[in-house]
There are 2 protein chains.
Amino acid sequence: MATAPQTDMPAAETRGEGFSKRQCEVLDAALELLVSGDDRLSMSAIARAASCSKETLYNWFGDSDGVLAAIVRRQASKVRMPTEAGDKLGIDELRNRLEAFAGDLLTVLAGNMSVALNRLAISHAGSSKSTLGLILLENGRFAMGRRLKPLIEAGQRAGLLVGDKEAEMLFRTFFGLVVRDVQIRLLLGERLGVDQTAIAREAAEATGQFVRLFSTSTSNATSNTISNTGARIRAI
Amino acid sequence: MATAPQTDMPAAETRGEGFSKRQCEVLDAALELLVSGDDRLSMSAIARAASCSKETLYNWFGDSDGVLAAIVRRQASKVRMPTEAGDKLGIDELRNRLEAFAGDLLTVLAGNMSVALNRLAISHAGSSKSTLGLILLENGRFAMGRRLKPLIEAGQRAGLLVGDKEAEMLFRTFFGLVVRDVQIRLLLGERLGVDQTAIAREAAEATGQFVRLFSTSTSNATSNTISNTGARIRAI
DNA sequence: TAATGGCCGTACCGTACGTTACGGTACGGC
DNA sequence: GCCGTACCGTAACGTACGGTACGGCCATTA
C-alpha cells in the first residue's frame with residue numbers, strides 16, 4: 001500500500017497533484033521510460049532513468065504500485081477542461097465545438113502516452129487490488145464525458161439536440177462514433193498511422209454523423225465545419 | 001520462438017487449429033486459469049492446472065509466448081462465421097441480421113474470455129517481438145469485419161444502404177455505435193454489469209442509429225425489430 | 001516379454017525483480 | 001563545528017519465474 005510520503009508534501013499521491021518539483025521530474029522520467037517501452041517498467045529502471053535512489057522511490061510512493069499510480073495521477077492532473085459553457089449556441093458553433101472535441105479526443109487516444117498508460121492500467125486490471133484502471137477511467141473516459149456534457153446539455157437547452165435522452169447517452173454514442181475501433185487496434189499493437197489530416201477527417205465525419213442522429217432539424221445541410229483539431233488536451 | 005511440435009500434429013500452432021485432443025485440454029485449462037485471473041499466467045501454473053509437465057509444454061509450444069499464442073489461436077479457431085449471405089434482402093431482414101450481429105458482438109466482448117484474452121494481448125503488445133495482439137486483432141476485430149461485410153454489401157446491392165462508402169467504413173461506424181465505450185471500460189476493470197437485456201437494448205439502439213445514418217430510405221419508421229441476441233459466437 | 005517413446009512429477013539452475021539495508025554526500029538549523 | 005534529514009548509489013536478500021534435466025509410469029509395438 002502506498003503510504004503517505006514523508007516529505008513536505010503530505011498525502012501527495014492521494015490528491016493526484018501537489019507532487020514536489022523533484023517528484024514530478026522522477027514521475028516524468030518514469031513515464032518517458034514507459035512510453036519508450038523498450039523494457040518493462042521496473043523500480044531499478046525507473047531509479048536509473050530518473051537518477052534517483054530506489055529507497056527514495058519507496059519512501060515517496062511506498063510501493064511499486066504506488067509509483068505506477070503516481071504516474072497515472074500525475075498525467076491525469078495535467079488534463080484540464082476549458083469548458084467555457086457557451087450560451088447563445090448556434091448549430092454551427094455546436095458543430096465546431098463538437099468537431100474540435102472529437103479531434104482532441106482522437107489526438108489524445110492515438111498518442112503514445114495514452115496507449116502506454118492504458119496498456120499499463122489494463123495489464124494491471126486483471127489482478128485485483130490494483131485501482132490503476134479505475135484511476136485512468138476516472139481521469140480519462142469519465143473526465144471526457146464531464147467535459148463534453150455541458151456542451152451537449154447547452155445544445156439540448158438551445159433546442160439544437162433532441163432532449164429526450166440523457167446527455168450521458170449522447171456522449172457514449174459520440175464517443176463510439178469518434179473512437180470507433182481506433183483505440184483497441186492501437187492497444188493491440190497495430191501500427192495504424194493516424195496523422196492530423198486523418199484525425200481531422202474522422203472528427204468531421206463523426207461530428208456529422210452525430211448531428212445527423214441527434215439534431216432536431218432534419219436538414220442535411222452540411223454547413224462548413226471549421227476544422228479545429230489543435231491538441232488542446234495534452235495527456236491521458 | 002515456437003518450434004514445430006514434435007507430435008503427430010505437425011505445425012499445429014501455426015495453423016491455429018489441429019491441436020490434438022490432449023493439447024486442447026491443456027490449452028482450455030490454461031485459458032480457464034487466465035480467465036479466473038487470480039494469479040499471473042506462468043508456465044508452472046499452467047502445468048499444474050492442466051496436470052501436465054512443463055517439459056511437455058515446452059515440447060509442444062516451444063516457448064512461453066508459444067503457449068499464449070496457442071491459447072489465442074485455439075479460441076480464435078472456435079469462432080465460426082455462419083455468413084449465409086442472403087439475397088433478396090429486405091429492410092426488416094437487414095435490420096434483424098444487423099441487430100443479431102450487434103448482440104453477438106456485445107455478448108462476446110463483454111464476456112470474461114474476451115476481456116481476459118484482450119488484456120493478455122494488450123499487456124504483451126508493448127514489448128515488440130510478440131504478435132499476440134495482431135493474432136487477436138486478426139481473429140477478433142478483423143474477423144468480425146469480414147463476417148459482417150457480406151451483409152453490408154448485400155444491403156448496398158439491394159439498394160437499402162448507401163453505396164458511396166466502402167463496406168469497411170460502414171462496419172467501422174457500426175462497430176463504434178455498438179461497442180461505444182463498453183470494451184475499454186471493461187478492459188480497465190470497471191464492474192459494469194452487462195446482462196442480456198441491456199445487450200439487447202444497446203444492440204437495437206445501435207442498429208437503429210446505423211440504419212438511420214446509412215439507409216437510403218428517409219422514413220423513420222421503426223419497424224418491429226425481432227430481438228435475436230442469442231450467443232451465436234462462443235468465444236473471442 | 002522386452003524395448004521404445006511419450007508424458008508426468010519434481011527437482012534444479014540462472015536470472016530478473018521487489019524490497020531492504022548501508023555507506024556516502026549535501027544542506028539547513030543550532 | 002555538529003546534528004538531523006533527505007537523498008544518491010550500490011549491494012544484498014528473498015522470491016518468482018522461464019527453462020532444463022531426470023527418474024518413473026504406462027501404453028504401444030516388435
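In this predicted model, the residue of chain A that comes closest to the rotation axis is A:Gly176, whose C-alpha lies at 2.1 Å. Two copies of a chain are related by a rotation about an axis and a shift along it. Here, a rotation of 180 degrees with 0.0 Å of shift along its axis superposes chain A on chain B, with an RMSD of 0.1 Å. That is the relation of a two-fold axis. The same surface serves both copies, and 100% of the contact residues of chain A recur in chain B.

The contact between the chains takes 31 residues from chain A and 31 residues from chain B. On the side of chain A that touches chain B, the elements giving two or more residues are helix H7 (112–125), helix H8 (132–139), helix H10 (167–179), helix H11 (182–187) and helix H12 (196–214) of chain A. The largest share of this side, six residues, comes from H10(A). Sorted by class, the side of chain A that touches chain B has 13 nonpolar, 10 polar and eight charged residues.

The fold of the single chain may be considered next. Chain A has 12 helices and zero strands, and its pattern along the sequence is accordingly written as α-α-α-α-α-α-α-α-α-α-α-α. Of its 236 residues, 42% count as buried. Among contacts in chain A between residues at least 6 apart in sequence, 71% join residues at least 24 apart. A pair of residues separated along the sequence can be followed in space: A:Ala69 and A:Leu136 are 67 residues apart in sequence, and their C-alpha atoms are 9.2 Å apart. A:Ala69 belongs to helix H5 (residues 64–78) of chain A. This residue is buried, because 24 other C-beta atoms lie within 10 Å and the cut-off for burial is 20 or more.

In chain B, helix H8 (residues 132–139) has as its buried residues B:Leu132, B:Gly133, B:Leu136, B:Leu137 and B:Asn139. What covers these buried residues includes H11 of chain A together with helix H5 (64–78), helix H7 (112–125) and helix H9 (141–157) of chain B. B:Glu153 and B:Arg201 are 48 residues apart along the chain, and their C-alpha atoms are separated by 25 Å.

H2(B), residues 21–36, has 16 residues and reaches 23 Å from its first C-alpha to its last, close to the 22 Å expected at 1.5 Å a residue. Its buried residues are B:Gln23, B:Val26, B:Leu27, B:Ala30, B:Leu31, B:Leu33 and B:Leu34. They cover an arc of only 160 degrees around the axis, which puts them on the same side of H2(B). An α-helix has 3.6 residues a turn, so residues three or four places apart point the same way. On the other side of H2(B), B:Lys21 and B:Ser36 are exposed. Just after this helix, B:Gly37 takes a positive phi of about 65 degrees.

H4(A) provides the largest share, four residues. The surface near DNA strand D divides into four nonpolar, 10 polar and eight charged residues.

Around DNA strand C there are 20 residues, and A:Ser42, A:Ser64, B:Cys52, B:Ser53 and B:Thr56 come nearest. Helix H3 (43–50) and H4 of chain A, together with H4 of chain B, each supply at least two residues of the surface near DNA strand C. H4(B) gives the most to this surface, with four residues. By class, the residues near DNA strand C divide into four nonpolar, eight polar and eight charged.

Terms used
Residues numbered from 1 in each chain as written. Chains lettered and ligands numbered in written order. Predicted model: local features only at pLDDT ≥ 70, side-chain atom pairs only at ≥ 80, totals over all residues. Nonpolar A, V, L, I, M, F, W, Y, C, P; charged D, E, K, R; others polar. Contact = placed C-beta atoms within 7 Å. Least-squares fit on C-alpha atoms with pLDDT ≥ 70 in both. Expected span 1.5 Å × (residues − 1). Buried ≥ 20, exposed ≤ 12 C-beta atoms within 10 Å, placed from the backbone. Arc of directions from axis to C-beta. Near = placed C-beta within 6 Å.
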